[in-house]
Amino acid sequence: MDKLVAGFGEVMLRLSPGGKKRFSQALPGVLEATFGGAEANVCASLAMLGGKSRYLTSLPGNPVGRACASELAGLGVDVSAIHFTEGGRMGVYYAEHGSNMRGSAVVYDRAGSVISELAPEAYNFEQMLNGVDHLHLSGITPALSENAFKTTLALAEYAVKSNIAISIDLNFRKKLWNWSPGVAQRELAHRCMRQLVKLADVIIGNEEDASDVFGIKSEGSAPVSGKLNTAGYREVAARLSAEFPKAKYIAITLRESVSADHNNWGGLLYDCGADKIYYAPVSTDGSYAPYELRDIVDRFGGGDSFCAGLIFAMYTKELSAPERMIRFAVASSALKHTISGDYNRVSRSEVENLMGGVASGRVSR
């Protein structure tokens with residue numbers, strides 16, 4: 001992959017109890033501190049797969065913010081365009097891992113973070129996107145504040161004028177989109193994301209995002225109960241394509257939650273120009289056959305690792321056929337569920353081994 005991919009968004013300090021403890025068991029006591037955020041996760045994963053990535057954000061110039069940038073740099077991400085401020089704070093999120101029928105839970109403490117406070121005028125878009133071929137965005141950052149939305153939109157518009165391709169992960173978060181009093185969360189998300197998504201060359205979402213943001217549903221699916229009508233997502237993808245004609249590809253992850261520890265995991269890619277859909281993984285007869293993920297280590301960042309795998313494959317010649325793009329993206333994100341933390345610490349060869357059917361978990365000597 002010789003293209004430079006940039007991601008703009010908020011990265012946070014993540015605090016989690018060890019193992020699968022509840023906060024009430026772990027506090028007072030020790031929490032594991034890592035970093036994570038949708039676009040940062042994509043950039044980190046791209047770098048570890050062997051791609052070129054640049055992370056764009058605003059961080060306080062204190063030791064915690066600098067430590068975050070240093071870790072990303074150590075993973076191979078270009079952090080030269082990060083905007084550091086004299087004061088302010090970094091967002092925090094507390095992540096509690098679920099088990100069996102008890103789902104995972106997230107508590108946000110990100111109000112007033114520096115990226116949510118800064119207006120577009122604080123950034124140098126020309127410097128940020130110098131040499132960039134592809135910009136990745138998500139629906140999380142514009143959900144933080146009006147300023148964060150305006151900055152995301154202005155950056156996307158600058159990218160379009162600069163002939164930079166854009167991918168957008170819809171990423172609806174029901175605990176966000178609270179910054180316009182009197183406007184319901186889904187309505188605000190719909191208004192804002194419509195302006196962003198119309199600029200996208202690649203639209204990505206999970207099994208619920210299109211419904212939550214645009215009211216486009218897969219008939220016969222009940223994601224909350226873990227039951228999906230996978231065939232129905234072809235219509236979801238086709239309707240998104242019709243509504244946003246600039247898009248070349250629509251990608252949707254398909255998660256069936258049997259329990260917090262056991263998910264069936266796959267995805268689809270819709271080629272808008274060819275009106276053709278590709279599912280992954282598939283069985284020997286070509287029918288959709290999702291990975292069975294049991295004993296999940298950490299599902300946070302699973303969608304972001306899918307985004308990274310898709311983008312990496314799109315710009316890698318031997319992986320760029322649509323059927324291989326989706327296979328690589330799904331395999332990459334399946335492996336993320338085996339790794340703690342937000343970042344997908346896997347190599348291209350590990351992903352390709354899984355694509356090739358090497359899934360026994362045997363020791364490599």
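This is a predicted model: local features need pLDDT of at least 70, side-chain atom pairs count only at pLDDT 80 or more; totals for chains, interfaces and linings use all residues.
Local features need pLDDT of at least 70 and side-chain atom pairs count only at pLDDT 80 or more, while totals for chains, interfaces and linings use all residues. Residues are numbered from 1 along each chain as its sequence is written, and side-chain values use heavy atoms, with hydrogens and water left out.

A search of the whole structure turns up 2 cavities of 30 Å³ or more. On a 1 Å grid over the protein atoms alone, a cavity is a set of points where a 1.4 Å probe fits but cannot get out, and lining residues have an atom within 4 Å of a point. Points are joined across faces, edges and corners, and a volume is the space filled by probe spheres set on them.

The largest cavity comes to about 60 Å³. Its lining includes Lys20, His97 and Arg299, and divides into 3 nonpolar, 3 polar and 3 charged residues. Here Ala, Val, Leu, Ile, Met, Phe, Trp, Tyr, Cys and Pro count as nonpolar, Asp, Glu, Lys and Arg as charged, and the others, Gly among them, as polar.

The second largest cavity has about 40 Å³.

Now for the open space. A pocket is an open set with protein on both sides within 12 Å along at least five of seven lines. The largest pocket holds about 1600 Å³. Of its 50 lining residues, Arg173, Asn206, Glu208, Arg299 and Phe300 are the closest to the centre.
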